[in-house]
Amino acid sequence: MEVAVFILVVLVFVALSGALVRLVRVPLPVLQIAIGAALAWPVRGIHVEIDPELFLLVFIPPLLFGDAYGAPKRELMALRGPILDLAIGLVFFTIVGFGYALHWLVPSIPLVVAFALAAVLSPTDAVAVSSIVDKNVVPARLMHILEGESLLNDASGLVMFRFAVAAVLTGSFSFAAASLSFLYAVAVGILIGVAALFVAAKLLQLLNRIGGVPAEAQVLVMILLPFIAYLGAEHVGASGILAAVTAGLLTGGSGVFRFLGVSARMQTMSLWTTLSFVFNGALFIVLGLQLPDIIRHVPPELMSLHPIIQPIATVIALTLCLIVLRFLWIWVGDIAAGIAARLGKRKVEPFGMRVRLAGSVAGVRGAITLAGLLSLPLALPDGSPFPARDLVIFLAAGVIICSLVFASLALPTIARGLVEPGEDVGAAEERLARVGAAKAAIARIESIAGAEDEGGEVPGARLAAAENIVAGYRRRIAASDEADEARAEARESGRLELELRLAGIEAERAAVRDMFRSGEINDHASQALFIEITLTEALLKGRKARK
């Protein structure tokens, strides 16, 4: 019962945070951490003991799968060079540089434990960045690189984190064995992600052939997909993280959605959006819940000089260390890419100094870092406490919060003016796609409408219906016309039409409500009609928002 109440309380405050963020104007992750701390700080506040393995299983697969599914695949492929450079090269550079810096700054932390902390701090969180600064302010190229990096460095960082933790638990480390294990974990993890997607597609295909299967059953298959990929890879000692990421990246282009009914598709997309918001919010609230205990038990190693200033200064120094390491890697990598492009006589697009600085500050730590952090073992195999566990958790939690605060204060100022005014490339492509799709639809409808029946005549009813449908497509083309006047006229006409349709829908809803209250229709009929009306309204409001 206590666990159930705890889950419900967290969900309630995740929902409230979505409304409060509009009022207090602070980054959503920071607000959620503050809510968690407020819930736990009182004497009788909420306290929760977390099972590390269960925590990792519940949060990691859906978060990574959802982020991978929503990532822009074409842009990630075009920018694969800088993305891989950051997701793999920067991770190893961070582990080495930050690990030695931490061991030098806090000698009581063993070097291998310092490497473990560096590994768990290497994954970045593009979702947290997008909640801090508007995507229209950050250059699209930089945002795509950050998104791709955050997907892949989750895998590389957490895989190296596990190796470092295993070295602490066993007391031994072999570079050759770790390298082979890393390659095995990556290769097999990717293969199992592909295999899990294949199995899910075949299962959905089977359900589709059976016919009459509820949409909820199809949605459940999609919900289970990341967990199956993760558990399958973990079972054979591979990277469950990469398996979940691979399944998410390939889901959109695999054609698996063609086996889903319309209702199942809508439910799946809506459910994943909700789950992503819930899991990210719950993670930050859980971090806030841990803060009071972490602060109350600040390790004495950080209080030898001053009980307040020294812990804060250490956290700030470590956060700046991560930013500096990141800036150096981006700067050197950008220069190297420019030299390679000139030698290969290719066009080069170097980052400016402000973009490099923005990319460095934007490397905030978030949900995945927290999930890995809370999965640290409580004890060694012999029963002794895990070395410096409380100290490492305190420092990691502090760096997460500090990086979020730094980014929320500095990033909007650094990024201001980096994006040139004008039409967004994505919007232009969407407009082009709408025109092409509408023209194809018109051609198809006209060919069907002009076909003769068995008597050699063209039915007038078919022509009339076709004219009405084609008129709608022509309005869509006009609304996307290059000429400003034509587009303005078509948009005004479309706006008036949408307002009339929405007014009609509101009247429909009121009429159904009145019939239900008067007893003319029962619950089932009213619910079916309300669902129909709501779906139509959602489609129309989506069109209105895009206009």
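**Helix packing and burial in a predicted model**

Me: Ala 201 has its place in helix H9 (residues 175-210). Why is Ala 201 called buried?

Reply: The model is predicted, so local features need pLDDT of at least 70 and side-chain atom pairs count only at pLDDT 80 or more, while totals for chains, interfaces and linings use all residues. Residues are numbered from 1 along each chain as its sequence is written, and side-chain values use heavy atoms, leaving out hydrogens and water. Buried means under 20% relative accessible area (exposed is over 50%, partly exposed in between; 1.4 Å probe, protein chains only). Ala 201 has a value of 17% and is therefore buried. Of the 547 residues of the protein, 44% count as buried.

Me: Which residues are in contact with Ala 201, leaving aside its neighbours within four places in sequence?

Reply: Contact means heavy atoms within 4.5 Å. With those neighbours left aside, Ala 201 is in contact with Val 256 and Phe 259. The C-alpha atoms of Ala 201 and Val 221 are separated by 9.1 Å, at 20 residues apart along the chain.

Me: What makes H6 roughly parallel to H16?

Reply: Helix H6 (residues 111-121) and H16 pack at an angle of about 25°, their axes being 11 Å apart. Angles under 35 degrees count as roughly parallel (over 145 as roughly antiparallel, 65 to 115 as roughly perpendicular, the rest as oblique), and H6 is therefore roughly parallel to H16. Val 113, Leu 117 and Leu 121 of H6 make the contact with Val 392, Leu 395, Ala 396 and Val 399 of H16.

Me: How many residues of the contact of H6 with H16 are nonpolar, polar and charged?

Reply: Ala, Val, Leu, Ile, Met, Phe, Trp, Tyr, Cys and Pro count as nonpolar, Asp, Glu, Lys and Arg as charged, and the others, Gly among them, as polar. By that rule the contact of H6 with H16 has seven nonpolar, no polar and no charged residues.

Me: How do helices H13 and H16 cross, and what is the handedness of the crossing?

Reply: The axes of H13 (residues 309-343) and H16 (residues 389-415) come within 9 Å and cross at roughly 65°. A crossing is right-handed if the near helix is turned clockwise from the far one by less than a right angle, and left-handed if anticlockwise; H13 passes H16 in a right-handed crossing. The residues of this contact divide into twelve nonpolar, four polar and no charged.

Note on methods
Axes fitted to C-alpha atoms, helices over the stretch in contact; angles between N-to-C directions. Helix = DSSP H or I, 4+ residues; strand = E, 2+ residues; numbered from the N terminus.
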